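This report goes through one protein model, beginning with a surface feature and then turning to the fold and the contact between chains. Please look at the sequence and the structure before reading on.

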Amino acid sequence: MRFKLTIIISFFSILLLFQRCNNDPLSDNSYFGTKVMIIGHRGFSTKYLKNPGNTIETALISTNIGADGCEFDVQITKDTVLVLFHDFDLHPMTTGNGKVYNYTWEEIKTFKYYPFENNIYINRADSVFSQIPNIQNYYFSFDCKVDLENEDLNQYEAKLARAIQRLCEQYHITQHVFIEGSEDFLLTAKRNGLKNKMFWMQEPTEENVQIAVNDSFFGFSCQLKNKILNTKIAHKKGLRIMAYSPKNFYENKLTLKSNVDIIQSDDPISILKYLNRYNYNYIIP
Amino acid sequence: MKHFFISFMLLIIPHILLSQKDSSNKSCIKLNVLSLYNVIFDSKKEIRAGVEFERKINENCSSFHHLDAGLYDQYDFYKYYDFFNEEGGLHYTRQHVTSYGVNLIQGVNYRLPILKKSKRFSYFVSSLIDLHYYWKELKTTNSINDYLIQDSYHQFSGGIGLGIGAKYKISKHFLLEANTNMTATLFSFFNKNENKIAVLDAQWQTANYKLWGISHIQLCYAF
């Protein structure tokens, strides 16, 4: 018994020692001579909280722990109020049923996030942005949720683009809000006068890089899915890469190894700690 | 003043109990391995140790004195601005944080009689007082003008709490102990109100630092 225990303790000690020694430092220097930006996914990862994300609570955690901002999922209501919500359908995430754009804000605001015990309701974007202190020190990425089943898709896209524009102008944050979306939506947004940095939600293949250059997009937004991404082609053409949803420390490091420019992480804490960018002084509520 | 009195009373309770006749005179020294967690898994520098002395009062009761002290925090916190060089170029603020501290937990363990039957395992509940003194230095540099702001804070606070734990007897002299305590603030004195220091040996605490939880995993030598 004692012998077995000694073996087990020795094994774990060696494992810990190896983990400690195998600390090949990765740099957060970006290809463009600045730093890799770290932002929280859906405000802040839902893995730490009983919170659906896309709320003021999650956004404040991201900005307070040292992240450079956060990502939100945006949609508009029937009366063109910009709201933060991930799914196209209100069910099963909330007590509502049907599409967000079929309801007015007065109706939407009564829907509670169903699976969660807390009293959390859908947040409207301007309410969240009004509560973030020193907002111009942070960056936000809007994953624009455009439902292709929408009967009047072109009009919806135009309304969504204008709602984003109004918000950016209200808070003077046009250069600090990125727009993520399909090529169609990004072009519609450009036609409607949006000056934000546009990120096309595609992989940066040679063909896509050429299209992005022609469309004057700022970069690509893509998921790594446990592989190293080839960012060189895009970088050479001056395009940035935003990688979303690394879920843990290992995936964060893999993303960093890919030389991406922006990491939209589900686990921002581990990567911020690794890069000496974590604010230990802040305690997550 | 009343806080001091309560603290004082709680501090001397173990000693009063110790003065009772001790039949077995069994003592135990312990090393807390959980205090090494951050040293291994965090990027901040931490040089500290947690040791405990426990002395049996009678069959069911023992008093303990747990000391955790050292350098709790030494890290840099970089915050970058202007990632796209649009407003004068990338710049940053760097906060160099150093925190030293002493945590003293004193209390009484009471062995749960309902679980006495196991030869190797024993379970206990504790009542305790947790006192801590911290000193923190903050040096903030701005890369734009290399301007340095230096500030230091110190804080003395205490709380009372309850805990539960378990011991596993490995051999005649060696034991493994795990315990966890929940403590609430009783008093707190600090030189700067706006920068309260968190309880540095706590694994969990509320955002207002009023309630905290400390766990220990200890290797014990009994003699």
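## A nonpolar patch on the surface

A patch is made of residues with over 30% relative accessible area and no salt bridge, and nonpolar side chains are joined within 5 Å. The model shown here is predicted. In it, a nonpolar surface patch is formed by B:Leu31, B:Val33, B:Val51, B:Leu67, B:Val102, B:Tyr133, B:Leu176, B:Ile217 and B:Leu219. Together these residues have about 680 Å² of accessible area.

One of the patch residues is B:Val51, which is placed in strand E2 of chain B, a strand that covers residues 45-56. B:Val51 has a relative accessibility of 40%, so it counts as partly exposed.

## The fold of chain B

Chain B holds two helices and nine strands. Read from the N terminus, the order of its elements is α-β-α-β-β-β-β-β-β-β-β.

Chain B has 223 residues, and 43% of them count as buried. Its accessible surface is about 11600 Å², with 63% of that area belonging to carbon and sulfur atoms. Among the contacts in chain B with a separation of 6 or more, 66% are between residues 24 or more positions apart.

## A buried histidine

Is B:His65 buried or exposed? The relative accessibility of B:His65 is 17%, and therefore this residue counts as buried, because the cut-off for buried is under 20%.

B:His65 lies in strand E3 of chain B. Its side chain is joined to the side chain of B:Gln106 by a polar contact of 2.2 Å.

## Where chain B meets chain A

How many residues does each chain bring to the contact? Chain B brings 30 residues and chain A brings 34 residues. Between them the two chains bury about 2700 Å², and 57% of this area is on carbon and sulfur atoms.

Six residue pairs are in polar contact between chain B and chain A, counting pairs with both residues at pLDDT 80 or more. There is also one salt bridge between the chains. In a salt bridge, the side chain of B:Lys79 meets that of A:Asp68, with 3.3 Å from N to O. On the side of chain B that touches chain A, the elements giving two or more residues are helix H2 (37-41) and strand E3 (61-81). Strand E3 of chain B gives the most to this side, with seven residues.

Conventions: Residues are numbered from 1 along each chain as its sequence is written. Chains are lettered from A and ligands numbered from 1 in the order in which they are written. This is a predicted model: local features need pLDDT of at least 70, side-chain atom pairs count only at pLDDT 80 or more; totals for chains, interfaces and linings use all residues. Side-chain values use heavy atoms; hydrogens and water are left out. Patches are made of residues with over 30% relative accessible area and no salt bridge: like charges are joined within 9 Å, nonpolar side chains (Val, Leu, Ile, Met, Phe, Trp, Tyr) within 5 Å. Accessible areas come from the Shrake-Rupley method with a 1.4 Å probe; for residues, only the protein chains shown count as cover. A salt bridge is a side-chain nitrogen of Lys or Arg within 4 Å of a carboxyl oxygen of Asp or Glu. Helices (H or I, at least four residues) and strands (E, at least two) are DSSP runs, numbered from the N terminus. Buried means under 20% relative accessible area, exposed over 50%, partly exposed in between (1.4 Å probe, protein chains only). Contact means heavy atoms within 4.5 Å. Buried area is the accessible area (1.4 Å probe) that two parts lose on being put together, summed over both. A polar contact is a pair of N or O atoms within 3.5 Å; within protein, one must be able to donate a hydrogen and the other to accept it, and residues adjacent in sequence count only if both atoms are side-chain atoms.
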